[in-house]
Amino acid sequence: MTGDEHDARDAVQEAYLRAYRAIRRFRGDAAFSTWLHRITANCSSTVLRLRRRRAYQDIEMLGRADGSAEPADQHPERDPEATSCRRAELEPLVHALASMPLRLRSVLVLRDVYDLPHEAIASELGISKGAAKVRLHRAREQLRARLDAQGAGTAQAGEIAHDVS
């Protein structure tokens, strides 16, 4: 929802802190996961509203004694080259999502990333189940249109939008 990994991590950390501080006030009217999702969504909104983008520099390499460099982290999912390839593949999707209105992007993320049912999305966003379904449909249509407009190609746009669905 934040569109930035570092902001998302900050939002999640803040959400865990808020949940920990408020656990005594959890009434059990809804599922714990719904309660935690609501806190996380609120924190994400706060991060989006209050924080400007900051420049982050990850230290990817450590120097060897012979002056060459080796990766500091041996995990393949953190390999800069692989990450660069993944980012290049996902770039059209990221730009399309970032350009969408927050109310549509939120529904899309809650359904297609977090796999929440329509009822939970409606509860989370304070809308009816029908409105959640309509927003999801509109968000998917808008995502496909934006991917097409970016020149992602009809086949690639369809594949990316289908992957999100």
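Me: The expected span of a helix is taken as 1.5 Å times one less than its number of residues. In this predicted model, how far apart are the end C-alpha atoms of helix α1, and what span should its 18 residues have?

Reply: Helix α1 covers residues 5–22, and at 1.5 Å a residue its 18 residues should span 26 Å.

Me: Which residues of α1 are buried?

Reply: A residue counts as buried when its relative accessible area is under 20%. An α-helix has 3.6 residues a turn, so residues three or four places apart point the same way. In α1, where α2 is included in what covers the buried residues, those residues are His6, Asp7, Ala11, Ala15, Ala19 and Ala22.

Me: Is Thr34 buried or exposed?

Reply: Thr34 has its place in helix α2, which runs over residues 32–50. Leaving aside neighbours within four places in sequence, Thr34 is in contact with Ala120, Ser123 and Glu124. Since the relative accessibility of Thr34 is 15% and the cut-off is under 20%, Thr34 counts as buried.

Me: How are α4 and α5 oriented to each other?

Reply: Two packed helices are described by the angle between their axes and the distance between the axes. For helix α4 (residues 102–112) and helix α5 (residues 118–125), the axes come within 10 Å and cross at roughly 140°. The crossing is right-handed, and, because an angle over 145 degrees would be needed to count as roughly antiparallel, the two helices are described as oblique.

Me: How do the residues of the contact of α4 with α5 divide into nonpolar, polar and charged?

Reply: On the α4 side the contact is made by Ser106, Val107, Leu110 and Arg111, and on the α5 side by His118, Ile121, Glu124 and Leu125. Sorted by kind, the residues of this contact are four nonpolar, two polar and two charged.

Me: What is the phi of Asp115?

Reply: Asp115 lies in the loop between α4 and α5, and Asp115 is exposed, with a relative accessible area of 55%. Most residues other than glycine have a negative phi. Asp115 is a residue other than glycine with a positive value, and its phi is near 55°.

Me: In what order do the elements of the protein run from the N terminus on?

Reply: The secondary structure comes to seven helices and two strands, in a protein of 165 residues of which 30% are buried. Read from the N terminus on, the order of these elements is α-α-β-β-α-α-α-α-α.

Note on methods: Residues numbered from 1 in each chain as written. Predicted model: local features only at pLDDT ≥ 70, side-chain atom pairs only at ≥ 80, totals over all residues. Heavy atoms only, no water. Helix = DSSP H or I, 4+ residues; strand = E, 2+ residues; numbered from the N terminus. Buried < 20%, exposed > 50% of the residue type's maximum accessible area, 1.4 Å probe, protein only. Contact = heavy atoms within 4.5 Å. Axes fitted to C-alpha atoms, helices over the stretch in contact; angles between N-to-C directions. Parallel < 35°, antiparallel > 145°, perpendicular 65-115°, else oblique. Left-handed = near helix turned anticlockwise from the far one by under 90°. Nonpolar A, V, L, I, M, F, W, Y, C, P; charged D, E, K, R; others polar.
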